[in-house]
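Hi,

Here is the structure I promised to pass on.

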Amino acid sequence: MSLLKRIEQGKSSEESATPTQIGGEGSRLASLQARRVSAPAATPQAGSYFDLKTRVQNKLLAELDPSMDITKTDEVRRTIQNLYEQILSEENIVLSRPERARLFEQISAEILGFGPLQPLLDDDSVTEIMVNGAKNIYIERKGKIHRVPVTFESNDHVMRIIDRIVAPLGRRIDESSPYVDARLPDGSRVNAIIPPLSLVGPTLTIRKFARNPITIEQLLEFGTLTPESLQFIKACVQARINIVISGGTGSGKTTLLNILSSFIPGDERIITIENAAELQLRQEHVVTLESRPPNIEGRGEISIRQLVINALRMRPDRIIIGEIRDEAALDMLQAMNTGHDGSMTTLHSNAPRDALSRLETMTLMAGMDLPVRAVREQVASAVDMIIHQERLRDGSRRVVNITEISGMEGEIITTTDIFVFEQTGVEEGKVIGTLRPTGLRPKFMDKLEASGIHLPPSIFGVGSRQRY
């Protein structure tokens with residue numbers, strides 16, 4: 001990818017752009033010249049730091065070779081540094097060493113990265129970034145939200161960064177399509193929504209992926225799971241139990257789904273389906289599918305539901321859907337009921353029982369005019385287990401229920417809790433508790449044993465503790 005193409009991302013909004021915007025679809029030289037002579041809409045007083053940054057940045061862009069391949073990050077960074085030092089020397093700009101380094105990092109982030117957000121993206125302790133317009137930026141760290149002293153120059157500056165994120169994915173954001181889901185090169189999930197829908201200016205939310213994916217050992221260390229519950233879940237995945245992971249926003253559903261997928265044997269064909277690809281499966285035989293929004297004419301949309309239907313023709317052993325949120329639930333249930341055992345998905349809900357209600361509602365959204373009882377029978381037959389995860393008030397993420405879907409009684413789907421989180425107190429703001437077995441064994445134990453998996457009774461609290 002050339003440097004010029006990187007700078008020119010944001011093409012969709014360029015025709016009506018303010019002078020500070022980057023890009024356009026003209027020739028390479030014309031684009032660079034336009035960028036070089038641009039000036040902010042509200043010109044700062046001479047001598048200000050912002051004015052200095054703009055002048056140095058524009059001159060640097062004019063000096064750079066537009067065909068340079070910015071994927072060679074180290075080489076490009078050295079080139080930028082040499083030109084940067086040369087420009088400061090030619091213009092007799094005197095800066096202290098910290099100021100010089102700070103200015104260089106900001107300019108580098110504008111050219112090679114995502115502007116003011118780059119330091120936050122590089123900070124491994126930051127798990128989420130929330131931009132509420134140009135001047136209000138918040139982060140999540142250790143499950144808690146904090147405001148940070150970082151700002152954009154203007155709303156146009158935010159728009160340029162949003163365009164830079166979505167353009168390489170073939171997606172767009174403008175007044176006719178004012179919100180978009182996307183991802184960063186490292187897989188981090190991105191959502192953007194702009195005026196007129198957002199009244200505070202362009203709003204950007206980035207859920208970061210850990211540079212080093214969270215491991216099973218870390219989940220145990222964090223208290224998300226216990227060794228017993230983890231052993232049980234691993235056995236369920238290997239025995240091809242159909243699993244739904246439920247929970248609220250930011251509760252860690254996708255992270256847990258990644259962990260569970262690591263238990264799938266390597267000789268199975270896995271097809272993943274997502275709105276924005278973010279699952280990180282380690283197996284070799286994985287086919288990743290991603291939905292597509294409509295183009296500027298409103299055509300060409302490919303939905304999750306269409307991808308699920310197509311996946312059934314691709315000889316999958318398992319289908320993993322990043323998140324079910326609409327009528328695709330019907331096709332997912334059909335897949336689970338037609339020989340694709342061991343399939344997994346996530347959905348938003350407040351509790352395992354609520355997850356069943358949402359599945360029922362989303363299935364009815366397909367417009368098939370199915371009787372409610374038929375839908376519930378489909379759900380009860382297809383889904384074997386629900387793992388419910390929550391983000392507790394101290395910011396920690398815990399699995400709070402592992403629940404078996406045990407069948408139907410009349411019109412009601414029956415459930416059995418196998419593990420339940422038991423809170424024992426709060427110390428210094430930290431929730432104290434653990435995921436305990438209820439003493440009940442799931443009805444699908446026969447399926448586990450038929451797969452050659454034999455779990456000791458102590459995992460379920462039988463013989464080692466009282467029945468809950």
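Below is what I found, grouped by topic.

Some ground rules first: this is a predicted model, so local features need pLDDT of at least 70 and side-chain atom pairs count only at pLDDT 80 or more, while totals for chains, interfaces and linings use all residues. Residues are numbered from 1 along each chain as its sequence is written, and side-chain values use heavy atoms, with hydrogens and water left out.

Aromatics. Searching the whole structure gives 3 aromatic pairs (Phe, Tyr or Trp rings, the six-membered one for Trp, with centres within 6.5 Å; stacked means planes under 30 degrees apart, edge-to-face over 60, tilted the rest). Phe 232 and Phe 419 make a tilted pair, at 5.8 Å centre to centre and 40 degrees between the planes. Helices (H or I, at least four residues) and strands (E, at least two) are DSSP runs numbered from the N terminus. Phe 232 counts as buried because its relative accessibility is 0% (buried is under 20% relative accessible area, exposed over 50%, partly exposed in between, with a 1.4 Å probe and protein chains only). Phe 232 also forms a stacked pair with Phe 444, at 6.2 Å centre to centre and 15 degrees between the planes. Here the separation is 212 residues, with Phe 444 in the loop between strand S15 (430-437) and helix H15 (445-450). Phe 232, Phe 419, Phe 444 and Phe 460 form one aromatic cluster.

Strand S8. How many of the residues of strand S8 (residues 270-274) are buried? 5 of the 5 are, so S8 is largely enclosed by the rest of the structure. Ile 270, Thr 272 and Glu 274 point one way, with Ile 271 and Ile 273 pointing the other. S8 runs parallel to strand S9 (residues 286-290), joined by 5 bridges, and parallel to strand S10 (residues 318-321), joined by 4 bridges; strands pair if DSSP finds at least two bridges between them. Thr 272 has Thr 288 as its bridge partner in S9, and Ile 271 has Ile 319 in S10.

Asn 242 sits in the loop between H9 and strand S7 (243-247) and is buried, at 2% relative accessible area. Its side chain reaches the backbone nitrogen of Gly 342 at 2.8 Å and that of Ser 343 at 3.1 Å.

Salt bridges. The count is 17, taking a side-chain nitrogen of Lys or Arg within 4 Å of a carboxyl oxygen of Asp or Glu. One of them joins Glu 140 to Arg 391, with the closest N and O atoms 2.7 Å apart. Those two sit 251 residues apart, Glu 140 in strand S2 (residues 137-141) and Arg 391 in strand S12 (residues 385-391). Glu 140 is buried at 3%, whereas Arg 391 is partly exposed at 37%. Another joins Arg 373 to Glu 377 at 3.0 Å between the closest N and O atoms; they are 4 residues apart in helix H14, so about one helical turn separates them. Arg 373 is partly exposed, with a relative accessible area of 34%.

Cheers

Key:
A polar contact is a pair of N or O atoms within 3.5 Å; within protein, one must be able to donate a hydrogen and the other to accept it, and residues adjacent in sequence count only if both atoms are side-chain atoms.
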